[in-house]
Amino acid sequence: MKLAYVSILALCAMLLNLHASFNVTYLNTTVVLNTSTSAHVVEKLGVYVSNTSVSQYVQDRQAFNLTLNDWQKVLGTTLLTEHIIGPNSSISRFTLLPGPIILGQGGGGTAVITFSYDVHNVTTIRNIAPRKFDYTFNDNLFNFEHTAGGQALYPNTRLIMVIPKSAEIVSIYPAPDYPLSNYVGNYSNATVFSWYAGEPLSKFQFSYIVTQSLQSEVVSYFSDIYNAYSWMLYLAMIVLVAAIAAYAYFNLRR
C-alpha cells in the first residue's frame, strides 16, 4: 500500500511538472495591411521548453495532425489563438508551424510556434478624392487581454502593423513605441509601426491614405466594368455560339 501511495504521488508530481515545463516567453502579432479590405496576419509564440519536456515537444511536433487547440493543451496556454478576428470577419489560408527546439547550454531549449492566416473585413475604405482612398482599421477585431478599461496587450507582447509602401498615415492612437514621430509630429516614409506590452487598445485608431496610380485606376475601372457586366458577356457568347451552330446545321441540311 505504501509503495502504491508513493507511486501515485510520483505520477501526480510528474503530471504537474508536465504542464509547468512549457513557458511562453513572448508573443508577436504582425498585421500586414494592403489595398483591399483584408490583411495577412503572422503570429509568433516563443516558448521555453524544460529539459524534461524536450522529447515530448519533439514527439508532438512530429504529429502533423495536431490542431491549434491541441497545441493549446500541450503548452497549457490560451495565448496560442488568433488575436485579429471579430464577429463580422472570417479567416482563411490558416497555417500552423511548430518550430524546432534550439537547445540551451544549461538544459532545455526554446522554440517558436508560428501560425498565419488571412482576415477579411479588416479595414473600411472611403474614396476621399480622385485616386485617393482612406483605409481605417476596424479595432473590434482585436482579441487580446480584456481589462477593466478594455483590451490591452499582454505582457511580453508586441503588436506590429505594416502598411503599403505608398501609404501615408493620417491617424494613429496611441502613439506607437516604434517609430518615433518626427519634429512635426508625423511619420513620413514609415511603413512599420509597433506597440509593446501593456499598451491599451480600447481607443485604438489607425488609418492611412493610399494614392492609386493612373495605371491602377485604369485597370480598376475596366475590372469594375467586367465585374458589373460579365453576365452580359457570357450571355452574348452563348447566343453567338448558338447562332453559329444553327447556321451550320441549316447549311448541312440543304
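Residues are numbered from 1 along each chain as its sequence is written, and side-chain values use heavy atoms, with hydrogens and water left out. Because the model is predicted, local features need pLDDT of at least 70 and side-chain atom pairs count only at pLDDT 80 or more, while totals for chains, interfaces and linings use all residues.

Helices (H or I, at least four residues) and strands (E, at least two) are DSSP runs, numbered from the N terminus. Two strands pair if DSSP finds at least two bridges between them. Strand β7 (residues 132-137) pairs with strand β13 (residues 205-211) over 5 bridges, in the antiparallel sense. Phenylalanine 133 has valine 210 in β13 as its bridge partner.

A pair of aromatic rings is described by the distance of the centres and the angle of the planes. Rings of Phe, Tyr and Trp (its six-membered ring) pair if their centres lie within 6.5 Å; planes under 30 degrees apart count as stacked, over 60 as edge-to-face and the rest as tilted. The whole structure holds 16 aromatic pairs. In one of them, the ring centres of phenylalanine 94 and phenylalanine 115 lie 6.3 Å apart with planes at 35°, so this pair is tilted. Phenylalanine 94 belongs to strand β3 (residues 91-98) and phenylalanine 115 to strand β5 (residues 109-119), so the pair ties together parts that are 21 residues apart in sequence. Accessibility is classed by relative accessible area (buried under 20%, exposed over 50%, partly exposed in between; 1.4 Å probe, protein chains only). Phenylalanine 94 is partly exposed at 33%. Phenylalanine 115 is buried at 0%. One aromatic cluster is formed by Tyr135, Phe137, Phe142, Phe144, Tyr154, Tyr187, Phe193, Trp195, Phe204, Phe206 and Tyr208.

Side chains of opposite charge can pair when their charged atoms come close. A salt bridge requires a side-chain nitrogen of Lys or Arg within 4 Å of a carboxyl oxygen of Asp or Glu. The count comes to 2 salt bridges. Aspartate 118 and arginine 93 meet in a salt bridge through their side chains (2.9 Å, N to O). This pair links distant parts of the chain, with aspartate 118 in strand β5 and arginine 93 in strand β3, 25 residues apart. Aspartate 118 is buried, at a relative accessible area of 12%. Arginine 93 counts as exposed, at 64%. Aspartate 134 and arginine 126 also meet in a salt bridge (3.8 Å, N to O). Aspartate 134 is buried, with a relative accessible area of 6%.

Serine 21 sits in the loop between α1 (2-20) and β1 (22-33). Its relative accessible area is 2%, so serine 21 is buried. Contact means heavy atoms within 4.5 Å. Residues up to four places away in sequence not counted, serine 21 touches Tyr48, Val49, Ser50, Thr52 and Ser53. The side chain of serine 21 makes a polar contact with that of serine 53 (2.4 Å). A polar contact is a pair of N or O atoms within 3.5 Å; within protein, one must be able to donate a hydrogen and the other to accept it, and residues adjacent in sequence count only if both atoms are side-chain atoms.

Most residues other than glycine have a negative phi, and most peptide bonds are trans. The peptide bond from tyrosine 173 to proline 174 is cis, with omega near -5°. The bond from tyrosine 178 to proline 179 is likewise cis, with omega near -5°. Tyrosine 178 is partly exposed, at 46%, and touches Val192, Phe193, Ser194 and Tyr196, residues up to four places away in sequence not counted. Arginine 93, not a glycine, has a positive phi of about 50°. Asparagine 189, not a glycine either, has a positive phi of about 65°. Asparagine 189 is placed in the loop between β11 and β12 and is exposed, at 80%.
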